[in-house]
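Visitor: Please take me through this model one point at a time. I would like the cut-offs given as we go.

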Amino acid sequence: MKKLNLLIVLLLLFIPTEGFGQRVVRSEKIMLQVAPERVMCYGFVPQACLQVREKNRDPWTLHYDPIVGFEFVTGFEYKLRVLKEYLKYDYPIADAPTIRWKLLKVVQKKPYRTRESRPNRLRNRTWQLTSYV
């Protein structure tokens with residue numbers, strides 16, 4: 001009997017929970033801008049989050065969930081076309097995500113130029129003081 005109980009417990013531990021009673025109730029395609037650096041954020045556990053926004057004038061927001069198919073490289077700004085899927089569970093799991101993000105296309109990937117990396121036309125010049133107030 002103990003062996004049977006142990007077997008049942010082990011089987012329950014290995015039942016995949018992702019997709020278990022999960023279905024997409026609606027989805028939408030959106031454009032996301034991704035900042036060139038991750039920042040520390042605190043959700044269920046401390047992690048490094050992406051900073052994203054939909055429009056140029058929007059403030060950056062923390063993005064806790066992964067984007068399926070997207071490989072982030074620090075130092076690049078991205079424009080992504082993503083599918084945002086809203087999920088519903090038949091058997092709700094504690095802290096299960098309600099949104100799944102899938103990469104459709106990397107529209108743009110460009111190196112981010114910091115102030116220090118931009119050319120400065122005022123450097124390496126000879127300056128002469130012509131007046132002093």
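Visitor: Which residues does Leu-50 touch, not counting residues up to four places away in sequence?
Guide: A contact here means heavy atoms within 4.5 Å. With residues up to four places away in sequence set aside, Leu-50 touches Val-34, Arg-38, Thr-61, Leu-62, His-63, Ile-67, Phe-70 and Phe-72.

Visitor: What kind of model is this?
Guide: Residues are numbered from 1 along each chain as its sequence is written, and side-chain values use heavy atoms, with hydrogens and water left out. Local features need pLDDT of at least 70, side-chain atom pairs count only at pLDDT 80 or more, and totals for chains, interfaces and linings use all residues, the model being predicted.

Visitor: In what order do the elements of the chain run from the N terminus on?
Guide: Elements are DSSP runs numbered from the N terminus: helices are H or I of at least four residues, strands E of at least two. The chain has one helix and seven strands. From the N terminus on, the order is α-β-β-β-β-β-β-β.

Visitor: Why does Ala-35 count as buried?
Guide: Ala-35 lies in the loop between β1 and β2 (39–42). Leaving out residues up to four places away in sequence, Ala-35 touches Gln-51, Trp-60, Phe-72 and Phe-76. Buried means under 20% relative accessible area, exposed over 50%, partly exposed in between (1.4 Å probe, protein chains only). Ala-35 counts as buried because its relative accessibility is 4%.

Visitor: Is Met-31 buried or partly exposed?
Guide: Met-31 lies in strand β1. Beyond its neighbours within four places in sequence, Met-31 is in contact with Arg-53, Glu-54, Lys-79, Leu-80, Arg-81 and Val-107. Its relative accessible area is 32%, so Met-31 is partly exposed.

Visitor: What distance separates the C-alpha atoms of Glu-54 and Gln-33?
Guide: Glu-54 sits in the loop between β3 and β4 (61–63) and is partly exposed, with a relative accessible area of 43%. Not counting residues up to four places away in sequence, Glu-54 touches Ile-30, Met-31, Leu-32 and Gln-33. Glu-54 and Gln-33 are 21 residues apart along the chain, and their C-alpha atoms are separated by 6.0 Å.

Visitor: How far apart in space are Ile-93 and Gln-22, C-alpha to C-alpha?
Guide: Ile-93 lies in the loop between β6 and β7 (99–111). At 32% relative accessibility, Ile-93 counts as partly exposed. Along the sequence Ile-93 and Gln-22 are 71 residues apart, and C-alpha to C-alpha the distance is 10.0 Å.

Visitor: Of the contacts with a separation of 6 or more, what share joins residues 24 or more positions apart?
Guide: Leu-50 and Phe-72 are in contact, as are Met-31 and Val-107. Among the chain's contacts with a separation of 6 or more, residues 24 or more positions apart account for 55%.
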